[in-house]
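Thanks for coming. I have one model to go through today, so please have the sequence and the structure open.

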Amino acid sequence: MKELISASWKNITIILLGIVAYISSVALVEYLLAAQFDFILAMFSFASGTLMSGLHSELAIQGFSGEALDSVRYWSLNLIFITGFIFALYIVPFLYTKGNVDTQNMQSDDEERGFSLSWYAGSAFIVMALVSITMATSVSIYHYNHKWKAAAQSAYVDEARTELSKAAFKMVEKLILPKEYGGISVSELTAENNGDMENKFELKEFVDVPESEFDISVVSDSDEANIRLHLTGEQAGVITDFENANGDKGKFELAVELHSENEKLFAYSYDFENALKTDSD
Amino acid sequence: MKKEYQILLTNVVACLVLYLVFAYLELTFVGYGLALAAASVFLYTLMKAVRSKISSKREYKIMAGVMGYLFAVNLIFGGIQYMNASNQHETLETIRETIDTNIIAIDIHQDLLTTLKTYHEQESGSQKSIVHIFEERVGDRLGSDRVLKSKNAAKMEAYTIYTEMKGDTLVQLFTVTNISKGEKENFDNYNDQVGMIQIEAGLTERGVDYERVN
């Protein structure tokens, strides 16, 4: 019975110590984070891998701007990372193990059932480490899924814009060229078509189009010399009943207005006709 | 605990040296992976060393479980950080490439298509050649080294446009990026760089031939 009470006290003490130590360390880290004390962050977050990710973000951003990362910054981040790593995976487990061994020695030598100082420190740190790294991992998994899904959607829109720009350049060229060189006149596109106010053509009727996941249509108004290119994607747009230029319904669509008469050549005057549907929509 | 202190010290030194060597080689994630492997060796050795000092089997199992969990979660966390870092690197490279290629396309087409337009709008009889019109249009932006300066000076840091005229009927532009890498790493660029994006464009009275060659 005496042993059972002792074991219960031991477990309760571990949990309480862990909670108190964790809350105070998070508060400390939050405070120091504002002051950008990476070192303390690495030591007390027990997730120094975050710093490794941060270091690579800085390297990637420097690569983006064509500059090299300052070597002092590079080495300071590396040293902070490895210090935090050693603290979390070497010092803390060692303290925890030592605490248990010391306590066992103490209890076998002495009638009193106390705990060693290393046991208190080791237990507190190990609980902090377990809670912290579990939380950091869960948050990382959650953010990983969302972040890269959003990045893929953004890349899709960028690709659509690039495709549409290429098509716009080709169409502007066709509108500039005389007929004997394969050109087309605005009047051909804007001519009244059985009373319809809007004429629609497939881009491939005018220019060679490589295989693509996008459909591009040429749309013109018969009452004014207004020619637009509409790109329709395979992915869903925000407006589910949107009538796409290629005859589809509810798909992502982007449009530009051609300006063959001035230097701007074309403009995203209509921007997103039907913006890409995202998780938050 | 003397033996355990020795285990701690030797393993910490080994981990530190291993990581710093790879950090020096700028292979930080390889160093991170090896540091994790070294940590697993340390935790295993430590638990083996204290096995005889913990009399309760249950207590020893709990300790081993805690160590195993701590290591496993750190391993998963490290894996996610690695995937995040490599995705971020790739995404930023793609964004840079997209921005550069789109700006180049606009920059080049503006000069070439407006030249083409001016050429075809001339009255018959007083025709200037397409090369002449192009040179008139770009004016001072075309240096004696045949490098065409962008209208926006800031863009010049991202890429360089070289011009070649063939007689008075063909304007050729060779654009090479200064930061963004192309698809083929060993591609020999027009300006003796290697592996950068290269876009070639030709303008005749029949139109613009525009192609990304790397």
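Before the sheet, one term: two strands count as paired if DSSP finds at least two bridges between them. Keep in mind also that this is a predicted model.

On that basis, chain B holds an open sheet of 5 strands in the order β1-β2-β3-β4-β5, and the pairing is antiparallel. The edges are β1, at 147–148, and β5, at 207–212, each of which pairs on one side only. Packed on that sheet is helix α3 of chain B, residues 57–121, which touches β2, β3, β4 and β5 of chain B. Its direction makes about 15° with that of β4(B), residues 196–204.

If you want a place to look, B:K166 stands opposite B:L170 in β3(B).

Now the other chain. How many residues of chain B are in contact with chain A? The count is 58, and they meet 51 residues of chain A. On the chain B side, the elements that give two or more residues are α1 (2–24), α2 (28–50), α3, β3 and β5. Of these, α3(B) gives the most, with 33 residues. By class, that side of chain B has 32 nonpolar, 20 polar and 6 charged residues.

Helix α3 of chain A, residues 49–64, packs against α3(B) at an angle of about 10°, and their axes are 9 Å apart. Angles under 35 degrees count as roughly parallel, so α3(A) and α3(B) are roughly parallel to each other. The residues from α3(A) include A:G49, A:M52, A:H56, A:A60 and A:F64, and those from α3(B) include B:F77, B:Q81, B:N84, B:Q88 and B:R96. The contact divides into 7 nonpolar, 11 polar and 1 charged residue.

Last, back inside chain B. Helix α4, residues 130–138, packs on α3(B) at an angle of about 125°, again with the axes 9 Å apart. The two helices, α3(B) and α4(B), are therefore oblique to each other, and their crossing is right-handed. From α3(B) the contact takes B:D111, B:T114, B:T115, B:T118 and B:Y119; from α4(B), B:I130, B:I133, B:F134, B:R137 and B:V138. By class that makes 5 nonpolar, 3 polar and 2 charged residues.

That is what I have for today.

Key:
Residues numbered from 1 in each chain as written. Chains lettered and ligands numbered in written order. Predicted model: local features only at pLDDT ≥ 70, side-chain atom pairs only at ≥ 80, totals over all residues. Helix = DSSP H or I, 4+ residues; strand = E, 2+ residues; numbered from the N terminus. Contact = placed C-beta atoms within 7 Å. Axes fitted to C-alpha atoms, helices over the stretch in contact; angles between N-to-C directions. Parallel < 35°, antiparallel > 145°, perpendicular 65-115°, else oblique. Nonpolar A, V, L, I, M, F, W, Y, C, P; charged D, E, K, R; others polar. Left-handed = near helix turned anticlockwise from the far one by under 90°.
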